[in-house]
Amino acid sequence: MIDSAENKVCVIIAAKNASDTIGLAVASALREPEVAEVVVIDDGSTDGTAAAARQADDGSGRLIIQEFEKNRGPAAARNHAIEISRAPLISILDADDFFFPGRFKPLLADNDWDFVADNIAFVDADTVPTAYTMLDHFDPKPRFLDLVAFVEGNISKRGVRRGEIGFLKPLMRRSFLDKHGLRYDEALRLGEDYDLYVRALAKAARYKIIHSCGYGAVVRSNSLSGRHRTDDLRRLYEADRAILAAGGLSPTDAAAIRRHEQHIRGRYELRHFLDIKSQSGMGAAASYAMGKPAAIPAIAGGIFADKTERFRKGGSAPIAHSGANGLRYLLQAVPE
């Protein structure tokens, strides 16, 4: 365990219209003894999110709540929280998720990292109250990610389990972020975490993963996390291009980022084609595709894959791994 003066954590919760869930998130963070601050940024909510967060206050003086008059997005909310907080370690918690009791002790067992993440359990909303009793206990089996492994883990391959390591919620060392001038890109509303972690890895961040599980991601049918605008995809592949343009990457790292950029750009072109078709008809969509011949393979391939998905044996590979007690996990591990 690292020195107690250095293991204090700021938990940042960016929240928009999360009055039904923010209380659980706040309470789960305040429960942890390593947490010195819980900073909630109400990002332009209209449903009383800030008031619901206050109701979860434990009276310890650690809860800070600030409200944006207008929605500015999770990246801007998190950056603001970073600026007004002081704890040396930063933990991101989504407003509809929660920490399992004792989350930070395994993460802080060693001091050999700049970012350290644990496993994530996917929990159905109706099983949240009993989820802790269902939690599998995994051997930590620590390992380090390099930039290539991280980026490749964020490229979808049909029928192949990719691990989705971009979903991980690492504990981040403030000193590393400050030393390299790293903050979230406020232009992004999709992939802002991925972008920050890639830029950190490009600065030689030590990104450690342990397989024990301390983060609960609540699965809801109306979750906003799976929704995004077509333009969000464009901004994400442009972020990859900006990283490449900044230079300083090894050829191997640059090649991985280019693969991700091409992957996201292909998704964008398909979505943009389908948007045009929906709004203006097939003729307009076909005209767009003919005017961008480089996009045709992504458009045609995406349409073909979608049309034939149901005929493919086994369908697409699930992201989550089934545990022994009914929960599903992001990272596959052998129970202790």
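Tyr207 is found in strand 9, which spans residues 207-219; helices (H or I, at least four residues) and strands (E, at least two) are DSSP runs numbered from the N terminus. The model is predicted, so local features need pLDDT of at least 70 and side-chain atom pairs count only at pLDDT 80 or more, while totals for chains, interfaces and linings use all residues. Residues are numbered from 1 along each chain as its sequence is written, and side-chain values use heavy atoms, with hydrogens and water left out.

Tyr207 is buried, with a relative accessible area of 1%. Here buried means under 20% relative accessible area, exposed means over 50%, and partly exposed lies in between (1.4 Å probe, protein chains only). Leaving aside neighbours within four places in sequence, Tyr207 is in contact (heavy atoms within 4.5 Å) with several residues, among them Phe115, Ala117, Phe144, Ile165 and Tyr197. The C-alpha atoms of Tyr207 and Asp112 are separated by 9.2 Å, although these residues stand 95 residues apart along the chain.

Attention now turns to strand 6. Because 9 of the 10 residues of strand 6 (residues 115-124) are buried, this strand is largely enclosed by the rest of the structure. Two strands pair if DSSP finds at least two bridges between them. Strand 6 pairs with strand 9 in the parallel sense over 9 bridges, and Val123 has Val218 of strand 9 as its bridge partner. Strand 6 and strand 8 (residues 171-173) run antiparallel and are joined by 2 bridges; Val116 is partnered there by Leu171. Strand 11 (residues 328-329) is likewise antiparallel to strand 6, with 2 bridges, and Tyr329 is the bridge partner of Ala121.

Salt bridges form a further set of links. A salt bridge is a side-chain nitrogen of Lys or Arg within 4 Å of a carboxyl oxygen of Asp or Glu, and the whole structure holds 23 of them. One of these joins Lys169 and Asp94 at 3.1 Å, N to O. This pair links distant parts of the chain, 75 residues apart: Lys169 lies in the loop between helix 6 (147-152) and strand 8, and Asp94 in the loop between strand 4 (89-92) and strand 5 (98-99). Lys169 is buried at 9% relative accessible area, whereas Asp94 is partly exposed at 22%.

Another salt bridge connects Asp110 with Lys208, whose closest N and O atoms are 3.5 Å apart. Asp110 lies in the loop between helix 4 (104-107) and strand 6, and Lys208 in strand 9, 98 residues apart.
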